[in-house]
There are 2 protein chains.
Amino acid sequence: MTAAANNHSVRFSLVVLGAGPGGVDCALEAARLGLDVAVVERAELGGTCLNRGCIPTKLFLGATECVHELHAQAKLKVASGTIEVDLPALQKRKGQLLSGNRKALEKRLADSGVALFRGMGVVTSSDALTVDTENGPVTVGFDRLVIATGSRPTAFPGMEPDGDRVLDSDGILDLTEAPSSLIIVGGGVIGLELGRFFSRLGATITVVEALDRIAPWEDPEVSKTLAGLAKRDKWKLLTGKRVAKLVSKDGQAELTLESGDTLGADIALVATGRGPNTQGLGLENKGVILGRGGFIQVDEYLEAAPGISCIGDANGQAMLAHAASHQGIYAARLAAGKIEGPYAPGPMPWCIYGAPESIRVGRMVDELKAEGLSPAISRFQLAANPIAQSHAMAQGFVKVIWLDGRVAGVTAVGHGVSHLVTQATLMVRDSWTREDAENLIWAHPTLDEALQHALTAEPTDD
Amino acid sequence: MTAAANNHSVRFSLVVLGAGPGGVDCALEAARLGLDVAVVERAELGGTCLNRGCIPTKLFLGATECVHELHAQAKLKVASGTIEVDLPALQKRKGQLLSGNRKALEKRLADSGVALFRGMGVVTSSDALTVDTENGPVTVGFDRLVIATGSRPTAFPGMEPDGDRVLDSDGILDLTEAPSSLIIVGGGVIGLELGRFFSRLGATITVVEALDRIAPWEDPEVSKTLAGLAKRDKWKLLTGKRVAKLVSKDGQAELTLESGDTLGADIALVATGRGPNTQGLGLENKGVILGRGGFIQVDEYLEAAPGISCIGDANGQAMLAHAASHQGIYAARLAAGKIEGPYAPGPMPWCIYGAPESIRVGRMVDELKAEGLSPAISRFQLAANPIAQSHAMAQGFVKVIWLDGRVAGVTAVGHGVSHLVTQATLMVRDSWTREDAENLIWAHPTLDEALQHALTAEPTDD
């Protein structure tokens with residue numbers, strides 16, 4: 001139900017501030033466990049993930065997979081042809097799909113008996129929020145509060161999005177005309193996925209990354225493969241370059257590097273990072289501490305203060321929808337007294353989608369070596385995998401990182417490797433041995449066999 | 001090494017008859033365990049799987065994925081265009097890829113010290129084969145023998161492939177001109193996968209199946225979804241129809257049903273099943289028993305007679321490359337004295353590739369009910385999965401079959417579900433509970449979440 005606004009003062013055992021994936025999953029779990037729950041949301045249900053993040057970007061990549069697949073086969077002269085993507089039609093489909101998903105979310109909350117308050121919520125006393133609904137302020141009391149306010153795109157000074165030619169990821173997802181050239185500032189997940197999409201629509205792509213490689217949080221070999229494939233598709237990669245200024249000028253985006261060199265393009269995307277939505281929530285009244293970058297500091301129980309949990313992007317632990325959901329379910333169980341121990345998520349899967357894709361789960365070689373440990377490494381090249389071969393995209397590899405004969409981490413890059421991520425998460429979580437891989441019948445032919453063969457290959461020390 | 005043919009009599013501790021996936025994996029494992037090993041192969045290395053089965057069919061489906069993806073988006077008017085597949089070019093690529101894979105196999109055998117004898121091998125004494133090499137007969141003695149001779153397409157009388165318009169799966173894989181119409185006799189895996197491929201090349205497809213549904217070994221709901229999607233693509237499905245006669249006539253294939261009705265098409269594919277290559281091997285000298293359909297009878301150690309194992313299609317247990325490989329590794333370990341217990345493979349994954357795909361692992365509802373058990377069922381519709389949505393192909397579902405609160409089986413049908421098969425195999429093997437699914441962070445958005453949501457949905461009894 002949408003709570004009646006003439007209830008000027010209501011009270012719940014648990015109030016969740018923010019209806020992104022973390023907030024919604026927290027509320028649903030708390031309701032399932034018998035708590036009296038409300039959610040407060042100032043904008044659309046589903047948060048960044050559904051409306052301006054994971055879901056629209058995956059829709060755009062899925063819808064243009066045909067372009068990539070044709071391109072790959074055309075290189076081998078096996079297929080030829082032309083594909084026209086109708087971006088306004090895709091935007092319309094996006095609108096319908098997101099709206100349908102938002103309605104489904106609203107129905108799930110209502111079916112579970114979770115009250116929904118629409119409006120900005122601010123903590124105004126020790127046990128209540130004031131929600132600025134369209135019908136006036138409502139006081140929503142709580143025994144426990146979960147902050148799940150998420151994050152938004154951020155930009156460094158001098159390169160603020162202006163809604164004209166300089167856009168952030170929110171803005172670029174609404175374009176109805178594809179740019180013929182695109183500068184992407186920031187070579188991380190968001191920049192790479194959106195670059196793939198606009199590249200498929202025919203845009204020439206230039207990535208400007210301040211660090212010395214794209215996908216800088218990934219294994220260096222993964223970055224190298226991603227860079228090699230981007231260059232093969234004629235992307236221009238400017239790594240180790242800092243931006244001095246980025247503005248709209250004469251209907252173009254104009255970027256000035258610190259070196260003084262300038263670049264121009266139809267559109268520039270600023271994808272330099274995201275910051276938490278933690279300002280102006282009245283949290284100072286509750287002893288909540290905003291740490292570096294404005295992220296809310298939490299303890300090992302994900303608590304920001306007594307009776308207040310903070311989950312998802314707002315705490316900055318892992319800015320991923322599935323991390324937020326997992327934390328949200330933990331916070332609900334903590335609130336319901338169903339769990340007592342500290343939050344222990346186990347290995348976190350990370351993916352970059354598109355073509356190629358990459359995954360990362362668990363510990364990577366460099367961090368283990370930095371700790372003085374001696375990991376072993378086993379690998380398999382996708383060139384020898386029949387599914388990668390069939391899609392004419394056999395670059396890439398699967399790499400398994402071992403400690404004392406047990407799987408400590410997995411990373412991979414190449415065709416469709418996001419499909420390996422759950423298996424890899426299981427293997428890291430359960431510290432697989434080589435025997436564990438042998439005691440399973442792996443279907444043939446599958447992409448999964450690349451993981452099997454990496455697991456059973458002879459490990460080396462680099 | 002290819003063994004020198006002037007060694008007219010040689011002896012090995014283990015001889016493997018047949019170099020398909022099962023035979024090769026058996027030989028490699030035995031060599032790894034220190035045995036002195038030879039492989040005998042009358043035709044190409046890699047057997048049916050590499051040369052006339054899994055690999056070329058997956059190559060054909062992967063190469064034409066662009067056609068399917070465009071078609072799906074075009075239905076939503078998100079994309080438009082035309083794609084021309086150059087079948088002679090694809091055949092050339094197939095030839096190169098298979099040849100490369102055969103050479104890689106030959107190198108792996110040689111690098112492992114496995115001797116390779118090329119020619120038909122026949123058991124001619126109690127401990128030796130005679131191999132009819134191109135340089136004359138060679139006697140190859142053995143302490144133990146592994147029969148891994150595989151299978152070939154079979155046809156019922158009156159519908160034998162003639163190499164003209166009536167082809168089996170071997171013959172149709174070599175076509176360089178796509179038929180404009182194709183009759184497929186047999187609605188199993190081979191027929192459906194090849195139907196998908198030729199459908200993408202523009203052929204009108206008619207499937208004639210004697211049983212009452214296509215994919216008759218799958219869960220009935222899976223068959224129903226496969227049939228619905230085939231009909232949507234304008235396939236004609238004639239189920240419950242028996243073929244009286246199928247011949248080439250005036251440059252067409254002409255099929256006569258038992259009812260007397262006739263059908264014509266450019267090409268007819270006979271995909272009614274496969275039979276074992278077990279005739280003329282001299283096995284009668286060794287006490288080996290050929291059972292129903294000519295399959296070699298084996299005991300719980302996969303032994304057909306003392307000192308003789310039989311693995312893969314020839315024993316008929318599970319006519320799958322990965323089953324053969326798994327059995328081959330067992331047979332090698334048994335031969336090396338590294339294993340003592342009977343063969344216990346655990347759950348076997350089954351897949352049908354294409355679009356849609358389907359998977360099956362473990363126990364299905366009907367067989368459990370037939371045993372008087374009361375399985376519970378939980379499911380998730382792919383319509384609500386963002387990856388299926390993004391590919392504009394959201395039909396299908398994941399279904400989990402439970403016994404006493406533990407996963408007993410998984411089946412699924414829809415976009416890309418072959419990517420769920422390893423996870424499903426693990427879950428069945430380890431008899432997962434709902435808690436096991438909850439104790440894992442599932443990446444979002446992935447197709448894998450369809451499995452997660454099926455695992456955590458409320459079970460019902462149908």
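Buried area is the accessible area, taken with a 1.4 Å probe, that two parts lose on being put together, summed over both. Keep that in mind for the chain interface below; the model itself is predicted.

**Where the chains meet**

Chain B and chain A bury about 5500 Å² between them, and 63% of that area lies on carbon and sulfur atoms. On the chain B side, 67 residues take part, in contact with 67 residues of chain A. If you want a trio to look at, pick B:Val78, B:His419 and B:Ile441: they supply 13% of the area that chain B buries against chain A, more than any other three residues.

**A helix pair in chain A**

Now turn to helix H1 (residues 21–32) and helix H5 (residues 87–111) of chain A, whose axes come within 10 Å and cross at roughly 25°. Angles under 35 degrees count as roughly parallel, so H1(A) is roughly parallel to H5(A). H1(A) passes H5(A) in a left-handed crossing. The residues that make the contact are set out here:

| Helix | Residues in the contact |
|---|---|
| H1(A) | A:Val24, A:Ala27, A:Leu28 |
| H5(A) | A:Leu105, A:Arg108, A:Leu109 |

By class, this contact of H1(A) with H5(A) has 5 nonpolar residues, no polar ones and 1 charged.

**A loop residue in chain B**

Finally, have a look at B:Thr433, which sits in the loop between helix H12 (421–429) and helix H13 (434–438) of chain B. B:Thr433 has a relative accessible area of 15%, and buried means under 20%, so B:Thr433 is buried. Leaving aside neighbours within four places in sequence, B:Thr433 is in contact with B:Trp402, B:Gly405 and B:Arg406.

Key:
Residues numbered from 1 in each chain as written. Chains lettered and ligands numbered in written order. Predicted model: local features only at pLDDT ≥ 70, side-chain atom pairs only at ≥ 80, totals over all residues. Heavy atoms only, no water. Axes fitted to C-alpha atoms, helices over the stretch in contact; angles between N-to-C directions. Helix = DSSP H or I, 4+ residues; strand = E, 2+ residues; numbered from the N terminus. Parallel < 35°, antiparallel > 145°, perpendicular 65-115°, else oblique. Left-handed = near helix turned anticlockwise from the far one by under 90°. Contact = heavy atoms within 4.5 Å. Nonpolar A, V, L, I, M, F, W, Y, C, P; charged D, E, K, R; others polar. Buried < 20%, exposed > 50% of the residue type's maximum accessible area, 1.4 Å probe, protein only.
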